[in-house]
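Hello,

Here is the structure you are taking over. My notes follow it.

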Amino acid sequence: MDYEDAIVVKNLYFSYNEKLVLKNINLQIKKGEIVTIMGENGAGKTTLIKHFNGLLKPKKGKVIVLGMDTSQTPVSQLARHVGMVFQNPDYQLFAETVEEEIAMALRNFGFPEEKVKARVEWALKVFELDRYRKRSPYLLSIGERKRLSIASVISYDPPIVVLDEPTAGQDFLQKEKIAELLFLLKQMKKTIVMVTHDVEFAIKRSDRIVLMADGEIIAQGPTFEIMSSIELLERARLKPPQIIETAYILKRKNILPSEISIFTPKDLVEAIAKNVDA
Amino acid sequence: MSMLEGFLYKPKESPLHKLDPRSKAVILVFYTVTSLIYLDPIVLILLLLSVVLLSIVGKCVREWSKSVKATLTFALVIFILNVLASPGLGYTYALAMSLRFLSLAAAFSLYFLTTPPEALALSLEAAGLPRDFTLMLTLSLRFVPTLARDLQIVTDAFRSRGLKLDSGNYVERLYNFAKLLTPLIVFEIRRSLMIAEALESRGFGGAVKPSLYKPPKMSLIDYMITAGGLVALGVIVCYHLGFPQ
Amino acid sequence: MTPLIELRDVYFTYEGEKNPALKGINLEIKEGEFVLLTGPSGCGKSTLCRLLNGLIPHFYGGDLKGEVIVDGLDVRSTPTYEMAKHVGMVFQNPENQLFNSSVEREIAFGLESLGFPPDEMERRVEEVLRAFNLVELRDTPPYMLSGGQQQKVAIASIIALRPKIIVLDEPTANLDPLSAEEILELLSVLCKDQNITIILVEHRLEIALKYASRLIIMKNGEKIADGTPRDVLLTKEAEIVGIPPVVEVYKTIRRRYRITRVTPLTPHDLANLIESLARGEGNGL
């Protein structure tokens, strides 16, 4: 069977300790899309993505992943289709060596041994962990541990990958590496759902943005559309990306015409060249 | 888990909650000594009943009964063991032994349910115990919820890789559980180091004796209860040892 | 004026490690500076932080060479609890540095540890509660607060000891942008109003730069750049920590129009710069 949508959320409500944390969530994520969920801490982002592999089950409403109703499907089965990478790598490294860590889920899902070997080799190479293969995951640096936590999920080739705050606490070089990985995953036609409040990272890497505040989706749409609305970002308690904010100020002052779209540093430089006679 | 809950402080407004941990401790000592001295089922049942009354005063019958229910199993085991191990002493003895356990557990559960751990630590510190000791007490209780949350996150991560905790035979389950504990233990060790760093950075472990911010104060009722408890304790002990002529 | 912090030829190697975590660090920091310290993970910035309040070498052991003088004290011969009166430390994870069951007790904790008399303690706790707008939260357990508020309490509890220096090791890494900004704003006020020296470790330059009076970049245990943010950002060394988009734009137009201006650090700076270009104010230097 083929489904156009990777994830469909319909009228989802979820409460925890009698407190409503998700209110009437409606969301459609198409296959091959990179969707970024943004909002301040406590907006319900992590609670929402935990519904995508069934760790949490809807109190009301439905979550359908690749045609499977998550309330009817066990986590162990959904996990095969939805790879979940949590924020802190230290909570998700279980094996004694780096290569066993990567092989763990593969073996669990019953991949034949030669396939396990091949996939482990591939992941070690792509994630630049080759020289640490026999080392304990806990002896790696924070950036390497982060990459390993992603590698051990990507290795079993789930069609959907969910990443919670992939850039939190990571330095610039690691962020660049994670960005490259996202690009690779996109090439592999994966569906990617990412949670972050790093606007500068999100603006470069997402097809679509979902803004959340107080357990609700307050807006969703193409990255540029959402990121250009300073008022929407404010409602989600986010700061606009620097270039967008600069362009906003310049347009308000009539230095740049309001109809041109400025998104990247390059856009801004070009707009200056065209409109500002220096 | 439910048994542990019966020993965790629940904030509430009640006369029992208001008492100073020290005056309550005197009463607790009275209960402990009495139940250890007397192996008479009648006395022990009376003790148990009075704890029931106190739990009503303390507005925590529900939480308290949870811990008592959990200890019932242990009480039953004690009863059976005593019947089997010392058949000569009879059922009354076995009954008294398990009642002793039950009344002790009940009294301690009520004490901890109505006493904030920090108030306890504070009053212990005010009573002269070193801060190292009282801090250990507060820290271990303070990090119970954090540990529970960490366990939840690790379990989520584990299950997200398609691994199951509740299937397979016992060996497999044990193996999986051990795997699950690896990150948790590593993480908690790291956390304890971070806590130690933070403590040192705030001047802990210095050369001077720590002072106390707003030391706990005993009220008039506290003093009365302490006095009453001490007198009762004295009477019980003397009575048991035989009054001096 | 003698510097408040002075490091001379500092080398430090952790116990059991072969490679030193700090290599030949020379550093002078004056009172009232706001220093932003950055660099790739593992570059030695956390080690440097821990050196400043004596956790290194007293807590960690290891091999320390060179001279470290902080507020007139030699860290090597001054125990950490003594350093606590001069240097406050704030760590990344707020929950690991909050141990008490109420905000007010949290603030009193350091004072208690150092044996302050009760009336002095009460005076200082009240003062800090008011200054940090925490009066209403005084009885709240810190672990029930949001991450941003927790960090605020962590800073407040350090201010109660009236240190001259506050060192913060990635204090905003777990916070959302606005909460992070509130914390940085708070530090900036402490720096300006009370002349407290701030040393802040942070990866996200785009949010922290505008508060800093000085930017230091480290790599592999060495200091590779040190100066005003506006100068350091234009150097080649700064590229390993990621140039914020506004600076990136400035670097391009600077080359293209052959202008030299003060490097913009915020969208407002950049917009003003472009506005002045539009008005035909060529090279304003």
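**Helix α4 of chain B**

P41(B) lies in helix α4 of chain B; helices (H or I, at least four residues) and strands (E, at least two) are DSSP runs, numbered from the N terminus. This is a predicted model, in which local features need pLDDT of at least 70, side-chain atom pairs count only at pLDDT 80 or more, and totals for chains, interfaces and linings use all residues. Residues are numbered from 1 along each chain as its sequence is written, chains are lettered from A and ligands numbered from 1 in the order in which they are written, and side-chain values use heavy atoms, with hydrogens and water left out.

P41(B) has a relative accessibility of 14% and counts as buried (under 20% relative accessible area; exposed is over 50%, partly exposed in between; 1.4 Å probe, protein chains only). Leaving aside neighbours within four places in sequence, P41(B) is in contact with T92(B), L95(B), A96(B) and L99(B), where contact means heavy atoms within 4.5 Å. L99(B) is 58 residues from P41(B) in sequence, yet their C-alpha atoms are 7.0 Å apart.

L49(B) also lies in helix α4, which covers residues 41-57.

**Cysteines**

How many disulfides are there over all chains? The count is zero, a disulfide being a pair of cysteine sulfur atoms within 2.5 Å. For C43(C), the closest cysteine sulfur is that of C49(C), 9.6 Å away and too far for a bond. C43(C) is buried at 1% relative accessibility, and C60(B) is buried with a relative accessible area of 2%.

Regards
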